[in-house]
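Open the model in your viewer and keep the selection panel at hand.

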Amino acid sequence: MRVDGIVHRALDGGINFIDTADVYSAGQSETMVGKAIAGRRHDIVLATKVRGRMGPGPNQVGLSRLHIVNSVEASLERLGTDYIDLYQIHRFDALTNIEDTLRALDDLVRAGKVRYIGCSNLPAWYLMKALAVSREQRLERFRCTQSYYSLAGRDLERETIPLLKDQGLGLLVWSPLAGGFLSGKFTRDGGDDTARRAKFDFPPVDKERGFAILDVLAAIAKAHGVTVPRIALAWILANDAVTSVIIGARKIAQLDDNLKAVDVTLTADDLKALDEVSKLTPEYPAWMDALGSDRRPGERRY
């Protein structure tokens, strides 16, 4: 089915957030999204990203003011709109001061070309640095992060999710099915050769651990009478740190199934089983914090 058909089906199904990036297919993704949302622009929250290389020149990549200003104009044209609801930096740029990047993004908000700014794939320390710079210099602050999070990849829980809760930022989850690994198409005996992961093994997954997770997912899915990906998505949605989940369905059937994840209510036993099979191994200083309380025996906390 054409992209606009899938987009329209998603919008009719209650989806109101669409995310893309200028670097996806060298701008073609934004062009296709722009055509698909024509006439329905004000029904959605539209997000795109900047940072990736868009040409061979030294100023056609990164988070410098020049690249950001040029990129936003190109994205607006491709998307067929005069404003972007959420403009996100795609990754860390070691060659550009975060102050310069935030000042450029602040100017875009003040000019009305961007409503809010966000980030993606940043380490927690750098995200906190950016928030501190925004506060100190009275610039627009990142309102959310778009980050990888799934049952097969819970690294975000170490530093970033505690930061988001502390600082009041939203979390947009990309690849909640671990690049299709948690779609139910892959087993220890093989998988779907036509699936994207069969050609592009991303994001990285510990396969043996992943198959153990799939065993538990399959059992819970059978008990609920639903598909494996619905349970994997329901687990993400049950996390109060998550604002929204970005799904990447290529077919109407996949989209319809994913949308039904909101109707799945996992039991306490379901959540416990999924947590136990997928939880992270404590790393320092987390295992220090687990040693016990500093309270004296019999002391009460008020």
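Start with helix H10, residues 252-259, in this predicted model. Within H10, select Ile252, Leu255, Asp257, Asn258 and Leu259: these residues are buried. An α-helix has 3.6 residues a turn, so positions three or four apart point the same way.

Next, go to the second largest pocket, which holds about 260 Å³ of space. Its lining is made up of 15 residues, and those closest to the pocket centre are Asn121, Ser147, Tyr148, Asp155 and Leu156. Colour the lining of the second largest pocket by residue class, and it divides into nine nonpolar, four polar and two charged residues. Empty space of this kind is found by rolling a probe the size of a water molecule over the atoms.

Last, select the cysteines. How many disulfides are there? With a cut-off of 2.5 Å between cysteine sulfur atoms, the count is zero. Cysteine 119 takes part in no disulfide, and the nearest cysteine sulfur to it belongs to cysteine 144, 7.1 Å away. Now centre on cysteine 144: its closest cysteine sulfur is that of cysteine 119, and 7.1 Å is too far for a bond.

Is each of these two cysteines buried or exposed? Cysteine 119 has 0% relative accessibility and so counts as buried. Cysteine 144, at 9%, also counts as buried, because buried means under 20% relative accessible area.

Note on methods
Residues numbered from 1 in each chain as written. Predicted model: local features only at pLDDT ≥ 70, side-chain atom pairs only at ≥ 80, totals over all residues. Heavy atoms only, no water. 1 Å grid on protein atoms, 1.4 Å probe; cavity = no way out; pocket = protein on both sides within 12 Å on 5 of 7 lines; lining within 4 Å. Points joined across faces, edges and corners; volume = space filled by probe spheres on them. Nonpolar A, V, L, I, M, F, W, Y, C, P; charged D, E, K, R; others polar. Buried < 20%, exposed > 50% of the residue type's maximum accessible area, 1.4 Å probe, protein only. Helix = DSSP H or I, 4+ residues; strand = E, 2+ residues; numbered from the N terminus.
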